[in-house]
Amino acid sequence: MVRRGTVRRWWARLRTIGADDRGMTTAEYAVGTLAACALAAVLYKVVTSGPVQALLRSVIERAINVQF
């Protein structure tokens, strides 16, 4: 029969093995930067499309021509 203290020590040691995450922040920054660039590229394509440009132009023209 396994004593309770042995299992507890084994479990604590097992948890500390996976706790060493040196270098993970660099990988997380790389993935975050890649995701931000991909989102920027998609937004650029959407904003520079014809229908969206026409919509933005009409909104800006209406805002400029507002009568007080």
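This is a predicted model: local features need pLDDT of at least 70, side-chain atom pairs count only at pLDDT 80 or more; totals for chains, interfaces and linings use all residues.
Accessible area here is what the Shrake-Rupley method gives with a 1.4 Å probe.

Let's start with the fold. You'll find three helices and zero strands in the chain, so to trace the elements from the N terminus you simply read α-α-α, with helices counted as DSSP runs of at least four residues. Now for burial: of the 68 residues, 0% count as buried, a label that calls for under 20% relative accessible area.

How far can you trust what you see? The average pLDDT for the chain is 85, and 84% of the residues score at least 70.

Next, have a look at the aromatics. The structure holds one aromatic pair. It is made by Trp10 and Trp11, whose ring centres sit 6.2 Å apart with the planes at 45 degrees, so the pair counts as tilted. As for exposure, Trp10 has a relative accessible area of 53%, so it is exposed. Trp11 comes in at 45%, which makes it partly exposed. The cut-off that matters for these two labels is 50%, since exposed means over that value.

Finally, move along to the nonpolar patch on the surface. Val42, Val46, Val47, Leu56, Ile60 and Ile64 make it up, and together they have about 540 Å² of accessible area. Two or more of these residues come from each of α2 (24–47) and α3 (50–64). Take Val46 as one member to zoom in on: this valine lies in helix α2, and because its relative accessibility is 43%, Val46 counts as partly exposed. That value also clears the patch cut-off, because patch residues need over 30% relative accessible area.

Methods
Residues are numbered from 1 along each chain as its sequence is written. Side-chain values use heavy atoms; hydrogens and water are left out. Patches are made of residues with over 30% relative accessible area and no salt bridge: like charges are joined within 9 Å, nonpolar side chains (Val, Leu, Ile, Met, Phe, Trp, Tyr) within 5 Å. A salt bridge is a side-chain nitrogen of Lys or Arg within 4 Å of a carboxyl oxygen of Asp or Glu. Buried means under 20% relative accessible area, exposed over 50%, partly exposed in between (1.4 Å probe, protein chains only). Rings of Phe, Tyr and Trp (its six-membered ring) pair if their centres lie within 6.5 Å; planes under 30 degrees apart count as stacked, over 60 as edge-to-face and the rest as tilted. pLDDT is the predictor's confidence in each residue, from 0 to 100.
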